Amino acid sequence: MKRYDEIITGAEPVTAAELAKVLEITDPGQTPFLTTLVKVARQQVEAYCRIAIVQRTITMFMDRFPVEDHDKGWWDGVREAPISSIFAAVRKIEMPLPPLQSVTSVTTFDDSDVGTIFAAAGYFVDTASKRQQGRVVLRDGITWPIALRSANAIQFVYVAGYADGSVPDDLKQAILGIGAYLFANRGDCGGDCVGKCGMAMLLESYIIRVPR
């Protein structure tokens with residue numbers, strides 16, 4: 001299981017003034033409300049797509065390194081082989097909330113709660129795709145540490161989201177569309193703002209599909 005906290009470091013990609021222009025609002029007294037709406041709309045897009053729009057630093061914890069199931073099927077009798085012939089730690093770990101910008105550190109904790117930084121030379125940070133989850137990939141000949149504590153044993157600190165000024169126009173348009181809908185239909189969102197305001201198709205290519 002993955003658990004993470006985040007610290008927002010970037011600016012909102014859509015301003016209250018831009019939403020006011022869409023709504024043809026000239027009353028400056030509406031600015032605080034519109035500022036809240038663009039933030040809420042951005043959060044709706046992020047939750048719907050499972051992405052990070054505003055740049056942030058994320059601290060993610062995992063209880064253990066996930067394993068690959070090398071299922072060889074059942075057999076008769078007894079066989080001797082290393083456990084890794086059936087289960088082996090994965091060599092690629094995906095970082096939630098793309099786009100991944102960089103990985104600051106990977107730290108493992110033993111049963112005495114002593115943290116050890118995993119050398120950056122031991123892994124490759126895959127940031128090739130802006131629309132898929134970035135990955136931390138082990139270098140050849142390197143293995144993950146063992147003998148770790150039972151919970152929150154691995155900590156990843158990384159930077160995700162778009163740099164200020166680089167958010168794609170279709171994401172900004174979706175934020176404006178949702179913000180306008182929230183303004184005109186206050187209290188009528190019902191938990192499906194993206195669908196009700198007609199922005200779902202615009203966001204289709206950004207959605208991160210999570211296996212269930």
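**View 1. The exposed and buried sides of helix H1 in the predicted model.** Ala17 and Lys21 are exposed on one side of H1. Buried residues of this helix, which spans residues 16-23, are Ala16, Leu19 and Ala20. These three lie on the same side of H1, because the arc they cover around the axis is only 105°. Ala17 and Lys21 belong to the other side. The cover over the buried residues of H1 includes two helices, H2 (31-49) and H3 (169-184). Just after H1, Glu24 adopts a positive phi of about 55°.

**View 2. Pairing of strand E9 with strands E5 and E8.** Strand E9 comprises residues 135-138 and pairs with strand E5 (residues 92-94) in the antiparallel sense, over three bridges. In this pairing, Val136 of E9 has Ile93 opposite. Strand E8 (residues 123-126) also pairs with E9 in the antiparallel sense, here over four bridges. Val137 of E9 stands opposite Phe124.

How values were computed
Residues numbered from 1 in each chain as written. Predicted model: local features only at pLDDT ≥ 70, side-chain atom pairs only at ≥ 80, totals over all residues. Heavy atoms only, no water. Buried < 20%, exposed > 50% of the residue type's maximum accessible area, 1.4 Å probe, protein only. Arc of directions from axis to C-beta. Contact = heavy atoms within 4.5 Å. Pairing = 2+ DSSP bridges.
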